Amino acid sequence: MPDSLRGIAWPGSPEKKQESKDAQKVLRLLAHRLKRSGFSRTKPSFFTRPQPLVIEFVHVHKGTFGPSFRVHIGIRVRNEEFPAAHLNGLHSDEIVDIATPGMGYRFRFNSSQPSFEVCAEAMCGYVERIGLPWFESFH
């Protein structure tokens, strides 16, 4: 097996099932942290903050090839007829993280509670530093 494939939790494996359970733990911690900015968890990976004309949202996407997340930030106009929210705003892959020049934000975790906390806090920090000013630009 090539080194690049070692350590990947394959679909259906016990490791992948544990990774999914761990991801939900991180998302529960994130939900608690995002409450301080007025967001509510409305779907397993979707957090919303209603405004008079729009709904501001944070969508968290679990990485396929490892224990990591990507964060999308967007706005849905309330009278939009399309049945789903468009990922129309920022996402963490495209914003350069000053801690890792030349790379987007990386939100990783492992199977330990401290890593869940660090990951959730890092995602919340991204929303507070990058997302909230972006949302404010539309007010």
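This is a predicted model: local features need pLDDT of at least 70, side-chain atom pairs count only at pLDDT 80 or more; totals for chains, interfaces and linings use all residues.

Q: Let's begin with helices. How far apart are the end C-alpha atoms of helix H2?
A: First, the names: helices (H or I, at least four residues) and strands (E, at least two) are DSSP runs, numbered from the N terminus. The expected span of a helix is 1.5 Å times one less than its number of residues. H2 covers residues 113-136, and its 24 residues should span 34 Å. Its end C-alpha atoms are 33 Å apart, which agrees.

Q: Where in H2 does a kink lie?
A: Look at Ile130, shortly before the proline Pro133: the kink there is about 35°. The bend at a residue is the angle between axes fitted to the seven residues ending there and the seven starting there.

Q: Now charges. How many salt bridges are there?
A: Side chains of opposite charge can pair when their charged atoms come close. The rule here asks for a side-chain nitrogen of Lys or Arg within 4 Å of a carboxyl oxygen of Asp or Glu, and by that rule there are 10 salt bridges.

Q: Which residue forms a salt bridge with Glu19?
A: An α-helix has 3.6 residues a turn, so residues three or four places apart point the same way. Here Glu19 pairs with Lys16, and their closest N and O atoms are 3.1 Å apart. Both sit in helix H1 (residues 14-34), 3 residues apart, or about one turn of the helix.

Q: Are Glu19 and Lys16 buried or exposed?
A: Buried means under 20% relative accessible area, exposed means over 50%, and partly exposed is in between (1.4 Å probe, protein chains only). Glu19 and Lys16 are both buried.

Q: What about Arg36: which parts does its pair with Glu121 tie together?
A: Arg36 forms a salt bridge with Glu121, with 2.9 Å between the closest N and O atoms. Arg36 is in the loop between H1 and strand E1 (40-43) while Glu121 is in H2, so the pair ties together parts 85 residues apart in sequence. Arg36 counts as partly exposed at 49% relative accessibility, and Glu121 is partly exposed too, at 33%.
A: Arg36 also forms a salt bridge with Glu128, whose closest N and O atoms are 2.8 Å apart. Glu128 is in H2 as well, so this pair ties together parts 92 residues apart in sequence. Through shared partners, salt bridges join Arg33, Arg36, Glu117, Glu121 and Glu128 into one network.

Q: Next, strands. How do E1 and E2 pair?
A: Two strands pair if DSSP finds at least two bridges between them. E1 and strand E2 (residues 46-50) pair in the antiparallel sense over 3 bridges, forming a hairpin with 2 residues between them. Lys43 has Phe46 as its bridge partner, and Arg41 has Phe47.

Q: How many bridges join E2 to E3?
A: There are 5, and the strands run antiparallel. The hairpin joining E2 to E3 goes through 3 residues, and Pro50 stands opposite Ile55 in E3.

Q: Last one: which residues touch the most other members of the largest nonpolar core?
A: A nonpolar core is a set of buried Ala, Val, Leu, Ile, Met, Phe, Trp, Tyr and Cys residues joined through side-chain atoms within 4.5 Å. The largest has 31 residues, and Leu30, Phe47, Phe69, Met123 and Tyr126 touch the most other members. H2 gives this core its largest share, 10 residues.

Q: What does Met123 touch?
A: Contact means heavy atoms within 4.5 Å. Not counting residues up to four places away in sequence, Met123 touches Val26, Leu30, Val60, Phe69, Val71 and Phe107. Met123 is in helix H2 and counts as buried, at 0% relative accessibility.

Key: Residues are numbered from 1 along each chain as its sequence is written. Side-chain values use heavy atoms; hydrogens and water are left out.
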